[in-house]
Amino acid sequence: MRILLLSDIHANWAALRTIQEPYDICLFLGDLVEYGLNPVPCIDWAMKNAHYAVRGNHDHGCAQAVEFTANAGFRYLTTLTRPLNAQQLTEKHRRYLATLPTTRWVTIAGKTFLLVHANPHDPMDEYAPADVDFWKKRLEGIDADYVCVGHTHMQYTLRVGRTTIVNPGSVGLPRDGDPRGGYAIMTPDEIIHRRFEYPIEEAIACVEQSSLNPTAKQMLSDVYRTGRLVRRIESANGTPDSHITGAEHE
C-alpha cells in the first residue's frame, strides 16, 4: 500500500500538476485555494484523485465568502487573493470546498488515520509545530496510529506515544526557505518526505498577469522563488512592515 499525502496546494496548479508519484491512495489535508490564482484545476484534481480529504481554513473562508482584512504579510495576501479565487469558482467547486469535513477518520491496511488540517484540538487554525510536549496535549483522547496534518507548510514526522504525526509540508507555497514543493509518501515500512522542482516562473507569470497590486505581486514572487517572505515590503497603508516573515501564520 502506497499513500500519497498532500496539503496546502494553494491554487498553484503549476506545482500540483508536476507531481508524478505513483500511489494507491491519496489523502489531502486541506487548503486547495488562495495565495495562488489557479484554484479551479486544483479543485478538479482533488475531486478526481483525492480518496479522502479535509477542509482547510482557506477552503472554508473562500467557499463561505468570509470577509477578511489585513494589511501585512500572508494575511494581507489572503485578503487580496480570496476574492480573486472566489470569483473563479462554480457552484460545484464552492460546494465541494464547503462540504469537506474538518476531520476525518480512515482505516487503511488495518491502521487508523486521523486527517485534519491544523490539529485535532483546533482543526483549521492552531499551528502545530514538531514539538512532543505540544502534541501530547492535542492527542488526549485520540486513539490513532497516524495523525496527518498540514497548515504549517513545514514537513515533519513525529512520534508521540503510539501515534505518529505526519506533516507533508506544502505542495504550492513552502515557507521553510526551500521553494520546491513538498509532499509525503507513506508505506507499511516507512514515511518519506519528498521535495520536487516545478516551473516556478509559470506560477509567477500567473501572478504578474493578475489584477493584484505591485506590492502583492512582489510578495508572492518572493515566496515562490525563496520559500519565505524575505523582504521589508510596505504594508497596505504605505508604511514599512518589519513583521513580514516566512514564519507568519495564516
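1. E34 is buried, with a relative accessible area of 0%; here buried means under 20% relative accessible area, exposed means over 50%, and partly exposed lies in between, with a 1.4 Å probe and protein chains only. R82 is buried as well, at a relative accessible area of 8%. This is a predicted model, in which local features need pLDDT of at least 70 and side-chain atom pairs count only at pLDDT 80 or more, while totals for chains, interfaces and linings use all residues. Residues are numbered from 1 along each chain as its sequence is written, and side-chain values use heavy atoms, with hydrogens and water left out.

2. R82 and E34 form a salt bridge, with the closest N and O atoms 2.6 Å apart. The term denotes a side-chain nitrogen of Lys or Arg within 4 Å of a carboxyl oxygen of Asp or Glu. R82 lies in helix α4 (residues 73–86) and E34 in the loop between β2 (25–28) and α2 (39–49), so the pair ties together parts that are 48 residues apart in sequence. Helices (H or I, at least four residues) and strands (E, at least two) are DSSP runs, numbered from the N terminus. The count of salt bridges in the model comes to 12.

3. A further salt bridge is formed by D145 and R162, whose closest N and O atoms are 2.6 Å apart. D145 is in the loop between α6 (132–138) and β6 (146–148), and R162 is in the loop between β7 (155–160) and β8 (163–168), so the pair ties together parts that are 17 residues apart in sequence. D145 counts as buried at 14% relative accessibility, whereas R162 is partly exposed, with a relative accessible area of 40%.

4. Which residues are linked with D178 in a network of salt bridges? The network consists of D176, D178, R180 and R195. Within it, the side chains of R180 and D178 meet at 2.8 Å, N to O. R180 is partly exposed, with a relative accessible area of 30%, and D178 counts as buried at 18%.

5. The strands β3-β2-β1-β9-β10, in that order, make up an open sheet of five strands with mixed pairing. Two strands pair if DSSP finds at least two bridges between them. β3 (52–53) and β10 (191–196) stand at the edges, each with a single partner strand, so one side of each is left without a neighbour in the sheet.

6. β3 pairs with β2 in the parallel sense over two bridges, and A53 in β3 is the bridge partner of F28. β10 pairs with strand β9 (residues 181–186) in the antiparallel sense over six bridges. A hairpin of four residues joins β9 to β10, and M186 has I191 in β10 as its bridge partner.

7. Rolling a probe the size of a water molecule over the atoms shows where empty space is left. On a 1 Å grid over the protein atoms alone, a cavity is a set of points where a 1.4 Å probe fits but cannot get out, and a pocket is an open set with protein on both sides within 12 Å along at least five of seven lines; lining residues have an atom within 4 Å of a point. The largest pocket holds about 160 Å³ of space, where a volume is the space filled by probe spheres set on the grid points, which are joined across faces, edges and corners. Its lining includes F113, Y146, M186 and I191.

8. The count of aromatic pairs comes to five. Rings of Phe, Tyr and Trp (its six-membered ring) pair if their centres lie within 6.5 Å; planes under 30 degrees apart count as stacked, over 60 as edge-to-face and the rest as tilted. The rings of F113 and Y146 have their centres 4.9 Å apart and their planes at 25°, so the pair is stacked. This pair links distant parts of the chain, with F113 in strand β5 (residues 111–116) and Y146 in strand β6, 33 residues apart. F113 and Y146 are both buried.

9. The rings of F196 and Y198 have their centres 6.3 Å apart and their planes at 50°, so the pair is tilted. F196 and Y198 are buried. Together with Y183, F196 and Y198 form one aromatic cluster.
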